[in-house]
Amino acid sequence: ELYFKNLSKRKKQVMEKKENNRKLRVCVATCNRADYSKLAPIMFGIKMEPEFFELDVVVLGSHLIDDYGNTYRMIEQDDFDINTRLHTIVRGEDEAAMVESVGLALVKLPDVLNRLKPDIMIVHGDRFDALALATSAALMNIRILHIEGGEVSGTIDDSIRHAITKLAHYHVCCTRSAEQHLISMCEDHDRILLAGCPSYDKLLSAKNKDYMSIIRMWLGDDVKSKDYIVALQHPVTTDIKHSIKMFELTLDALISFNKRTLVLFPNIDAGSKEMVRVMRKKGIEHHPNFRAVKHVPFDQFIQLVAHAGCMIGNSSCGVREVGAFGTPVINLGTRQIGRETGENVLHVRDADTQDKILQALHLQFGKHSKIYGDGNAVPRILKFLKSIDLQEPLQKKFCFPPVKDNISQDIDHILETLSALAVDLGGTNLRVAIVSMKGEIVKKYTQFNPKTYEERINLILQMCVEAAAEAVKLNCRILGVESFSLCLWWSSGISTGGRVNPREGIVLHSTKLIQEWNSVDLRTPLSDTLHLPVWVDNDGNCAALAERKFGQGKGLENFVTLITGTAGTALGLGVVNILHTMNPSLVILSGVLASHYIHTVKDVIRQQALSSVQDVDVVVSDLVEPALLGAASMVLDYTTRRIY
């Protein structure tokens, strides 16, 4: 209602004084099954108010092509009279064919518009057919109402959508950000309506109790609700080769995931033929787990996605309509990269193998979010249409407000921001650090280590809480209970750190540097207080873990890490014994004194070791904080192995 408070009294007076209550003649032009799902609710609304509107329906594009299901029949089944059918598609499914199709539509549309003489034309979205419609209407001084302008997807569709926005006189947008984008594109705020997505009106009012019969019809009698996948993927015309490769990886992942899957054929864009060839090469049409179809009636399609376990692909339907039900969605590639999405949508921008897509499939069950509407878009749109003053000049006003960036979920972003809290309890200092998946110490906190048990535990808790709060500000995802996890690394300064029971989380025996720290249960008080999982280990193990994940031991089958103390010759003899008994591929010396003893250790090896082990490399660790990194690696390796 806030949008109509800005309308002037003059507009209301003009509405009241229209000659003989002349009806508003509205032309709705639909090009394909996708835009009809958005336009149909508006068409029904217009048809229900014949005292205010006259409706003309123009059908063109892939609606009239047999390979794409002759979807114009949906319009006839909905009891709409089709005034004009325009065959505008030039076959070829490549870039040149798309351009030729736009040209053919531009040649044919002027005669239609001259005959119909609409007061306003309703155009939806960002398809090349819609650009031809908007261009024709604008050049013939016909007012244009554009549905779903201001959105961002990330492909050539963005350019087409924004071009239509500049041609259109009125705008119906679906989200607050889209509204702000339109304002920043110089559109007059008084001519913008934030209505929500029209298709949500039908989606949210759908009460089909017999959805299982629809599921069985399309997927088989043995399929249960929430136990199947809907896949709908289209070519990306700006990067056809990559989108075909992505489609191939998607099919591989779906085959491995081993769930019943309904695969819809791609749209008519350039690259669609190649995608169909990929489907047939992999035998999707004959695979027992797959059902491949060209078209599903919209009423049935919404029931299928509403009760699916997941939807995967790059259709705008996945980030928009499916959000009405909160169905988990995996959005692939860049086709919808800029659209606003709820938490039910996980983005896989790029993938070299099927593994990342397969991981996303395992992650995506159970997320819910709705941002594109409340089910009342059509009444708002009809009221907006009634408020249009045909006597007003078409000249636009201009303004330049700021726009806030949209943040959405992305699997690469998630993997990059996974982090752990590491605690290093030394003889002198207590340290807590936020450590990223890449082994970067994002932030570190250091406090003097108190002398008593109670003071130490309280300080550990205080520092961990502060670090967790800071992690949120730094956009770090700390692993654990939903979004948090803790690993405690036990160290006692320059000594070996004493004996630890990692399974029980108990320090069995400490050195003299830390008093009151024998037979201490560290895990229980920390877990009970912070409600977090806790791991406990000693400094030697943690240093080795750090080398394996972040240091010189990465990728090696076996190696040994030693924490150096004093007496270099004794250390060398110890290394010789390790070489003889364990035969490692590499020996890594860690600790502040390691660089001072490396040459002594190598000399002892040359003098004392058997010839068969004298070629084993002995190196100094290049990790700055092996204690903290090793502690973090336990959390990161354990939790990501469990999740991914």
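The model is predicted, so to speak, with limits: local features need pLDDT of at least 70, side-chain atom pairs count only at pLDDT 80 or more, and totals for chains, interfaces and linings use all residues. Residues are numbered from 1 along each chain as its sequence is written, and side-chain values use heavy atoms, leaving out hydrogens and water.

Let's start with the sheet. Three strands build an open sheet in the order 23-24-25, with parallel pairing. Strands (E, at least two residues) and helices (H or I, at least four) are DSSP runs numbered from the N terminus, and two strands pair if DSSP finds at least two bridges between them. Why does one side of strand 23 and of strand 25 lack a neighbour in the sheet? Both stand at the edges, so each has a single partner strand. From one strand to the next, the twist averages 20 degrees. Strand 24 and strand 25 pair over four bridges, and Val587 stands opposite Val618 in strand 25.

Angles run from 0 to 180 degrees between N-to-C directions, with axes fitted to C-alpha atoms, for helices over the stretch in contact; contact means heavy atoms within 4.5 Å.

| Helix | Residues | Strands | Angle |
|---|---|---|---|
| Helix 19 | residues 539–550 | strand 23 and strand 24 | about 130 degrees with strand 23 |
| Helix 21 | residues 594–608 | strand 24 and strand 25 | about 170 degrees to strand 25 |

Stepping back, the chain has 22 helices and 25 strands. Of its 644 residues, 56% count as buried, meaning under 20% relative accessible area with a 1.4 Å probe, protein chains only.

How values were computed
Buried means under 20% relative accessible area, exposed over 50%, partly exposed in between (1.4 Å probe, protein chains only).
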